[in-house]
Amino acid sequence: MDVSELLDGLNDKQRDAVAAPLQHMLVLAGAGSGKTRVLVHRIAWLMQVEQASPHSILAVTFTNKAASEMRARVESSVGGNTHGMWIGTFHGLAHRLLRMHFQEAKLPQSFQVLDSDDQVRLLKRIIRTLNLDEKKWPAKQAAWYINGKKDEGLRPQHIDAGYDPTEQTFINIYKNYQETCDRSGLVDFAELLLRAHELWLNNPILLAHYQQRFKHILVDEFQDTNAIQYAWLSLLGQQSSRVMIVGDDDQSIYGWRGAKVENIQRFLDDFSGAKTIRLEQNYRSTGNILKAANQLIANNNNRLGKDLWTDDNAGDKIAIYSAFNEIDEARFIAGRAKHWFEEQGSYDDIAILYRSNAQSRIVEEALMQANIPYRIYGGVRFFERQEIKDALAYLRLMNNRNDDAAFERIINTPTRGIGNQTLSLVRDAARSLGKTMWDTCKHMLALQELKGRSANAITNFVNLIEQLEDDSCDLNLDQQANHVIQHSGLKAMYQAEKGEKAERRIDNLNELVTACQTFEKDPDLVEEVSDLTAFLTHAALEAGESQADEFESAVQLMTMHSAKGLEFPLVFIAGMEEGMFPSQQSVEDIGRLEEERRLCYVGMTRAMQKLYLCHAEARRLYGQEKYHRPSRFLKELPDECVEEIRMQSQVSRPATTGRFANTITLESFENTGFSLGQRVLHAKFGEGVILNYEGSDAQARVQVNFDEVGVKWLMVSYANLQAI
Ligand SMILES: Nc1ncnc2c1ncn2[C@@H]1O[C@H](COP(=O)(O)OP(=O)(O)OP(=O)(O)O)[C@@H](O)[C@H]1O
Ligand SMILES: [Mg+2]
């Protein structure tokens, strides 16, 4: 792209930002006004016009997906390579720095990233060893506390609990947890940021080096940076860089996780001379959608204030559907999605958004019923599956014996007769010796403090790990993974379990070997870390933000939080009820209510052409049926932009199962010998439940929801299903 092309396709204000002289800048603008587009073009401009080397550019985005898209877009604009440019999330960038400077960060070279699930497990154990009641001190809450403090930059010694015994206990948990992590070489997500900040504070020469290097810093979605991210950024950027931040105060939705929208104001104070550019034209949504979203957000106080308009025509009205219950709502959505597909030919255009992940299941059922392919963001991802985490734990322990989280996960997987009693003995000893589990075991074995069968079992475990490492240390990454899967006992354990589920797990383990084969190491870290360490970090950190099957056209399901920055021609928002959205906890607190309203603004402004807002009069969630009034947010929308869709009388399909069966009795369908809701076994697809049928006799087809492969229609006469 030459220079004029870089500026084509931009309006005047966008051009001002892209082609501005080198200076600090804030681009403050509403949803869909082209902020992300401006940021990408600015990077290309810097390279082409200002002759900036890719080395001197650092760009921060909100998700790994956004980061790789940004890299691809910059590459295509400058027609070249962006090698040396740092593009990533705050966490990703912090991780890279810590790897490159592990010594200065006081970390062992093979430190491992602890994902949130493992963090909670580790905390559970610590709470137990501290003899605290797990009911009173839930591990999740402790994780919340610790992460919150870390996000504010606080170590245990910085927190003053005063006379508050609850806080004192949390601080004690934090302290013990941190000691364990430090001993084990484990770094949780919040710790990545905190350490990266401390790296600057404790190593002025290193900081100066990076201040010199990154002459251009650009940050997308700035409104959701938290205190520690801001502190890190301002240390890096204030000296000799030009910092461009883009954001929208109306889309700040991570306040609950410590994000501070005030950072926008702070930026203007700290980065003197920063120029503010406002973009006002929205290119994403139709007139009705934009007008309604603008009017909704106008109900919030203390906004920085923005006008947003569009050239687009008014388009369809926003449709509000009042369902009588959540099943009706889900069916309605599935029906409209199908209709869109039939007219437009694509499911990719469609997003179904909700407030919390728990709402997805019922929508999924309706989509399966209607045979609509879908993909969930935030479901159980590949690297979070049990068998994968087991195999990774072996690799982690081989890589770093001090990794207590990995040790705990596999010490008895597969079972080797090491009882809870022996384990608590080791844990207590570890605590009083201040050593890791691994070292403690060796210590106790040497002193013969473990006896009989336990001693044997633990000796075998120790030998196994050492043997695995000896035998595989010279192998390639994928061979190494394969070796571990074959010889750790994991594969044998799943083989012994039998059944489709176990087979699936073995398939996944094989898939892990493939993942190792195709893994590409961050080129900037080739020297710093082994392939194995790099891969293990990748598994913990990037865990694939979307699910498998990227290539199939599918409806996307996600929370409104994860929809940030994205856009779709057709959007549904489900569960627009008081108590759901805004959530119950937020209705009495004006600050939280306003954050919910911003979330609604984010949700609505994802829609390009058509938006459906749905609510249900009765809803069963978490096992309870509740009646809710429609969300106040619906009432805040201008009448002229919305139309209500009346409750439709439901003409049911012949029969359904599960949650959809409450109005219909399960009937056996003739001549097949099967009944709806029945569990069946298929030679290839494994176990599943019959959901639906059509036709009869030789033409009879059944719809089965298989546990592992999802919904399929099968001819009864060929499928050879067995009732189980
Ligand atoms: N000048 C323009 N002409 C045509 N299309 C544009 C222009 N600027 C932006 N767009 C398009 O408008 C849409 C929204 O742009 P973009 O995603 O950059 O907005 P944003 O401000 O980052 O939104 P959000 O606040 O949701 O992150 C994109 O499809 C983009 O390609
Ligand atoms: Mg954006």
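Is the crossing of α7 and α9 left-handed or right-handed? In this predicted model, the crossing of α7 with α9 is left-handed. Helix α7 covers residues 139–151 and helix α9 covers residues 189–202. Their axes come within 9 Å and cross at roughly 20°. Angles under 35 degrees count as roughly parallel, so α7 is roughly parallel to α9. On the α7 side, the contact is made by Asn-147, Lys-150 and Asp-151. On the α9 side, Ala-190, Glu-191 and Leu-194 take part. By class, this contact has 3 charged, 2 nonpolar and 1 polar residues.

A further helix pair is formed by α13 (residues 287–297) and α25 (residues 590–604). The axes of α13 and α25 come within 9 Å and cross at roughly 175°. Angles over 145 degrees count as roughly antiparallel, and α13 and α25 are therefore roughly antiparallel to each other. Helix α13 contributes Ile-289, Ala-292, Ala-293, Leu-296 and Ile-297. These meet Arg-597, Cys-600, Tyr-601 and Met-604 of α25. The contact of α13 with α25 holds 8 nonpolar residues, 1 charged residue and no polar ones.

The UniProt record, an unreviewed entry, lists residues 8–286 as "domain: UvrD-like helicase ATP-binding". Over residues 8–286 the chain is 49% helix and 12% strand. The end C-alpha atoms of this stretch are 23 Å apart.

The unreviewed UniProt entry also places a "binding site" feature at Ala-29, Gly-30, Ala-31, Gly-32, Ser-33, Gly-34, Lys-35 and Thr-36. Gly-32 lies in the loop between β1 (25–29) and α3 (35–48). Around Gly-32, 24 other C-beta atoms lie within 10 Å. The cut-off for a buried residue is 20 or more, so Gly-32 is buried. Leaving aside residues up to four places away in sequence, Gly-32 touches Asn-282, Tyr-283, Arg-284, Ser-285, Glu-567 and Thr-605.

Lys-35 is found in helix α3. Lys-35 counts as buried because it has 26 C-beta neighbours inside 10 Å. With residues up to four places away in sequence again left out, Lys-35 touches Val-27, Ala-29, Val-246 and Leu-279.

Notes
Residues numbered from 1 in each chain as written. Chains lettered and ligands numbered in written order. Predicted model: local features only at pLDDT ≥ 70, side-chain atom pairs only at ≥ 80, totals over all residues. UniProt positions renumbered as here; feature names shortened; annotations may be inferred. Helix = DSSP H or I, 4+ residues; strand = E, 2+ residues; numbered from the N terminus. Buried ≥ 20, exposed ≤ 12 C-beta atoms within 10 Å, placed from the backbone. Contact = placed C-beta atoms within 7 Å. Axes fitted to C-alpha atoms, helices over the stretch in contact; angles between N-to-C directions. Parallel < 35°, antiparallel > 145°, perpendicular 65-115°, else oblique. Left-handed = near helix turned anticlockwise from the far one by under 90°. Nonpolar A, V, L, I, M, F, W, Y, C, P; charged D, E, K, R; others polar.
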